[in-house]
Amino acid sequence: MKDIHTFLAPPAETARRHGPHDRIVMSSRVRLARNLKGAAFPGWAKKPERMKVLETIRPAVERLPEMKDSFSEAMDNLTALDKQILVERHLISREHAAKNTGSGVVLNREETFCVMINEEDHLRMQALRPGFQTREVWKAIDNLDSELEKLLDYAFDGDLGYLTACPTNLGTGIRVSAMLHLPGLVLSEQINPIIQSVNKLGLAVRGLYGEGTEALGNVFQVSNQMTLGESETVIVERLEKVLGQIIEHEENGRQTLLEKKPKVVFNHIGRAYGILANAHSISSKETMNLLSLLRLGVDMGLFPGAERSLVDELFLVTQPAHLQKQLSDKLTAEERDLIRADMVRDRLKNLSRPIVKPPNAGN
Amino acid sequence: MQCSICKEKPATVHLTQIVGDKMQKLDLCEECAKTKGINDPTAFSLADADKLFGLGASQEIEQAAGGAELKCPHCGFSQADFKKSGRLGCPECYKTFAEGLSTLLKTMHKDTRHVGKSPEALRASRENSDRLKTLQKKLNKAIDGENFEEAAQLRDEIKQLGERSSAPKKLTQ
C-alpha cells in the first residue's frame with residue numbers, strides 16, 4: 001500500500017507548476033461521469049453491489065498506461081486527514097471524501113488524472129493541468145475514457161447518451177471547469193455582474209471547493225451546467241471563449257484599479273502584508289483572503305523579486321489538513337491558528353514590505 | 001405564494017434564472033432557502049443550479065405520473081426516492097421514469113437528444129448493422145438475378161460480420 005503523503009508532490013513543487021495564463025487561471029479540469037450497465041448508482045446500491053462495482057472498475061483503471069505506478073486505494077483505507085488532504089489539493093470532491101466502503105480513488109503519478117470510483121456515479125474521471133488548458137485536458141480525458149470503455153460496459157442510451165445518477169449530468173456527462181483567481185474583479189466590484197452574465201450563458205460560478213462553497217481567497221470555479229444536447233467540443237469551446245473574456249476583464253480590472261484607485265490597491269495589499277507578516281493567530285479563512293491580496297501584489301510587481309510560488313505554496317500548506325499533517329499532535333482549531341501564524345510569519349520574514357509604485361504599471 | 005420545497009410556509013425568496021431562452025422560477029420560504037444555502041440571491045445562489053434543478057425535477061416527475069407510485073422494476077427505486085435525493089436509482093430508471101423526465105430534461109438542458117461522444121463498440125455495431133442491411137439487400141438482388149457465385153460470396157461476408165459483432169469481450173461485474 002502506497003502512502004498518500006509520500007506519493008503526493010511536496011507543496012513547494014506543486015506551487016511551481018506552470019501553465020498558460022496561470023496568474024489568473026490556477027488550473028483547468030474536465031471530468032466525465034460514467035456508469036456501468038445494469039448496476040444501481042452508488043447512492044442507491046447496497047454495500048455488496050458497490051463493492052462489486054469497485055472491484056470491477058479499479059483493476060480496469062489501474063491497467064491503463066496513463067495510470068501506471070498510480071496511487072490506488074479503497075476509501076475506507078484512508079484516514080479522514082488523508083481524504084481532507086486530497087480535497088485541499090482539489091483531487092477529490094468533498095462528497096467523495098465522505099465515502100467509505102465500496103468507494104475508491106486512483107491518482108496517477110503526475111497528478112494529472114484522478115479517478116473517483118463510486119462517488120455520485122460509478123466513475124468520475126478527471127484530467128487536470130495548471131493554467132488555462134481546457135482543450136488539452138479534454139483531449140487527455142477523452143483518450144482515457146476511450147481506453148476505459150474497451151474494458152468496461154458503460155450504461156449508454158442512443159437518445160440520452162451516457163446515463164448518470166443525476167439527470168443534470170446526463171448525455172455527455174462532462175463538466176469542464178477552471179479555477180480562477182479574480183481579486184481585480186472583486187476589488188473593483190465588478191464580480192457580481194460578471195457572475196450574473198456568466199450564469200446567463202448557462203455556466204455556473206462556484207467557490208474554491210466547488211458546489212455550495214464560498215469564494216475564499218477570491219478563487220472562483222467556472223463550469224458548464226448543461227450536458228445534454230451539445231457535443232463535448234461545443235461545450236469546451238464555449239467555456240474557453242468565456243474564460244478568455246473573464247481573463248481580459250480581470251486584467252483590465254487590475255489595470256484600471258492601479259490607474260484610478262492606486263490608494264485602494266496599496267491599502268489592501270499593504271494591510272494584507274502587515275497582518276500576514278505580523279499576526280500571532282490567524283484562521284485558515286483569513287489567511288486565504290489575505291494571501292490572495294499578496295498574490296495580487298506579486299502579480300502587480302509590488303514585491304520586487306518575490307515569486308508567486310511563495311504565495312501559492314502558503315495557500316496550500318496553511319489549509320487545515322495540510323497544517324495538521326506537519327504536526328504530530330492532533331490540534332484544536334485555535335491551536336492551529338497559532339501554528340499557522342508562526343508558519344506564515346516565518347515564510348514571509350525575507351519578504352520586504354510592498355513598494356508603492358510599481359516599476360512598470362500593470363506589469 | 002407557498003414555498004416550493006416545504007409547501008407550508010409562505011415564499012419570501014424568489015429566484016429566477018434564464019437559461020438559453022427558458023425561464024426558471026423558484027419560490028422558497030426563508031427557512032428552506034437557508035437550508036439550501038441560498039443566503040444571498042444576488043451572488044452565488046443561482047449558480048447552484050444542481051440543487052435547484054433537483055427540486056424542480058422531483059416536482060415534474062410527480063406531476064407527470066399523476067401522483068401514483070411508480071417503481072423501477074430493475075432496482076425498486078420510486079419517485080418518492082427521487083424527490084428525496086434528486087438522483088435516480090439505476091440506468092434503467094431512465095426508461096421507467098421516461099415520461100416525467102422528458103419535461104424535466106427540457107428545462108435542464110440544451111436539448112433532450114444526446115449529441116457527442118458515444119462508446120466505440122456502439123458506433124461499430126451501428127455501422128455493422130448498417131453494413132449488414134446493405135449486404136442483405138445485395139444478396140437478395142443477387143439471388144433474384146440468379147447470380148449464385150456473387151450470392152455465395154455475400155453470404156460468407158454476412159456470416160463473418162455477424163460473428164464479429166457478437167464477440168465483444170469485456171469485464172462484466
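A: A definition comes first: a nonpolar core is a set of buried Ala, Val, Leu, Ile, Met, Phe, Trp, Tyr and Cys residues joined through C-beta atoms within 7 Å. A residue is buried if 20 or more other C-beta atoms lie within 10 Å of its own, exposed if 12 or fewer, and partly exposed in between, with C-beta atoms placed from the backbone. This is a predicted model, in which local features need pLDDT of at least 70 and side-chain atom pairs count only at pLDDT 80 or more, while totals for chains, interfaces and linings use all residues. Residues are numbered from 1 along each chain as its sequence is written, and chains are lettered from A and ligands numbered from 1 in the order in which they are written.

Q: How many residues has the largest nonpolar core, and which have the most contacts inside it?
A: The largest nonpolar core has 123 residues, and A:Val115, A:Leu180, A:Leu294 and B:Cys90 have the most contacts inside it. Helix H9 (residues 232-260) of chain A supplies the largest share, 7 residues. Helices here are DSSP runs (H or I, at least four residues), as are strands (E, at least two), numbered from the N terminus.

Q: What is A:Val115 in contact with, leaving aside neighbours within four places in sequence?
A: Its partners are A:Val61, A:Val106, A:Leu123 and A:Met125. Two residues are in contact if their C-beta atoms, placed from the backbone, lie within 7 Å.

Q: Which residues does the second core include?
A: That separate core of 5 residues includes B:Cys3, B:Ile5, B:Ala11 and B:Leu28.

Q: Turning to chain B, how many helices and strands does it have?
A: Chain B has 7 helices and 2 strands, in the order β-β-α-α-α-α-α-α-α from the N terminus. Of its 173 residues, 29% are buried.

Q: Back to chain A: at what angle do H10 and H11 pack?
A: Helix H10 (residues 262-278) and helix H11 (residues 284-299) of chain A pack at about 125°, with axes 8 Å apart. H10(A) and H11(A) are therefore oblique to each other; angles under 35 degrees count as roughly parallel, over 145 as roughly antiparallel, 65 to 115 as roughly perpendicular and the rest as oblique. Axes are lines fitted to C-alpha atoms, for helices over the stretch in contact, and angles run from 0 to 180 degrees between N-to-C directions.

Q: Is A:Gly270 buried, exposed or partly exposed?
A: A:Gly270, found in helix H10 of chain A, is partly exposed because 17 other C-beta atoms lie within 10 Å. A:Gly270 and A:Pro354 are 84 residues apart in sequence and 6.4 Å apart in space, C-alpha to C-alpha.
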